[in-house]
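I opened the model to look up how its strands pair and what its helices rest on. My entries follow.

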Amino acid sequence: MFSEDLIYINESYSSQDDLFNQISKDLLENEYVYDSYQEALKQREIKYPTGLQTEVCGIAIPHTDAMHIKKQAIAVVKLDEGIMFKEMVGDADVSVKLLFFLLVKEKESQVQVLSNLMGLFSNKQFVNALLQSESKIQILETINKEMKEWQYGDIELFSWFRCSSNDAN
């Protein structure tokens, strides 16, 4: 779920480590993750980088194993200045301006969530609209406008994957 409470816009972070520390602290304080989340996030990013260079800008999709997540959600971070990440495929550096922290409790859903997000990231208008958003509400409206119900056969994969401007649960 996307929620206004989990959107961080135009915040300043000195490095990837600083970003991970601050977002992890906030997620822990708001009971989205367990104590183990921060270290698991950092270790997974080292082993399996999540940077992605799109036509518009660098995007990262940091995530951990489901065992570190209490409540499912997606936190969105929009940066004024890029932070360096390693590319998902290859070893190139990517200057990231948008991040989507996946908080997925259902291990089997994680690949499909990633795939669906990648589809959104290939939409230049969507990515540009996020970059031009000046408020949390604008980001939510942009996501709401673009997101569709993702279904697999008769099973709705992401009933939790909805946007909300007032409820983070």
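In which sense do β5 and β6 pair, and over how many bridges? I found them antiparallel, over 10 bridges. I count two strands as paired if DSSP finds at least two bridges between them. Helices (H or I, at least four residues) and strands (E, at least two) are DSSP runs, numbered from the N terminus.

Before going on, I note that this is a predicted model: local features need pLDDT of at least 70, side-chain atom pairs count only at pLDDT 80 or more, and totals for chains, interfaces and linings use all residues. Residues are numbered from 1 along each chain as its sequence is written, and side-chain values use heavy atoms, with hydrogens and water left out.

Sheet. I traced five strands in an open sheet, ordered β2-β5-β6-β4-β3, with mixed pairing. On average, neighbouring strands are turned by 25° against each other, direction ignored. Helix α1 (residues 16-29) packs on this sheet and touches β2, β5 and β6. Its direction makes about 165° with that of β5. Axes here are lines fitted to C-alpha atoms, for helices over the stretch in contact, and angles run from 0 to 180 degrees between N-to-C directions.

β6 and its partners. I checked Ala75 and found Phe101 in β6 as its bridge partner. The hairpin of β5 and β6 has six residues between the strands, and Gly90 there takes a positive phi near 95°. β4 and β6 run parallel, joined by three bridges. Ile59 stands opposite Leu98 in β6. Eight of the 11 residues of β6 are buried (under 20% relative accessible area; exposed is over 50%, partly exposed in between; 1.4 Å probe, protein chains only).

Helix α4. Which residues of α4 (residues 124-132) are buried? I list Phe126, Val127 and Leu130. They share one side of α4 because they cover an arc of only 95° around the axis, taken from the directions from the helix axis to the C-beta atoms. The face turned away from that buried side carries the exposed Gln125 and Gln132. Among what covers the buried residues I noted β5 (73-86), α3 (107-121) and α5 (136-146), with contact meaning heavy atoms within 4.5 Å. At the start of α4, a side-chain oxygen of Asn123 reaches to within 3.0 Å of the backbone nitrogen of Gln125.

Key:
A polar contact is a pair of N or O atoms within 3.5 Å; within protein, one must be able to donate a hydrogen and the other to accept it, and residues adjacent in sequence count only if both atoms are side-chain atoms.
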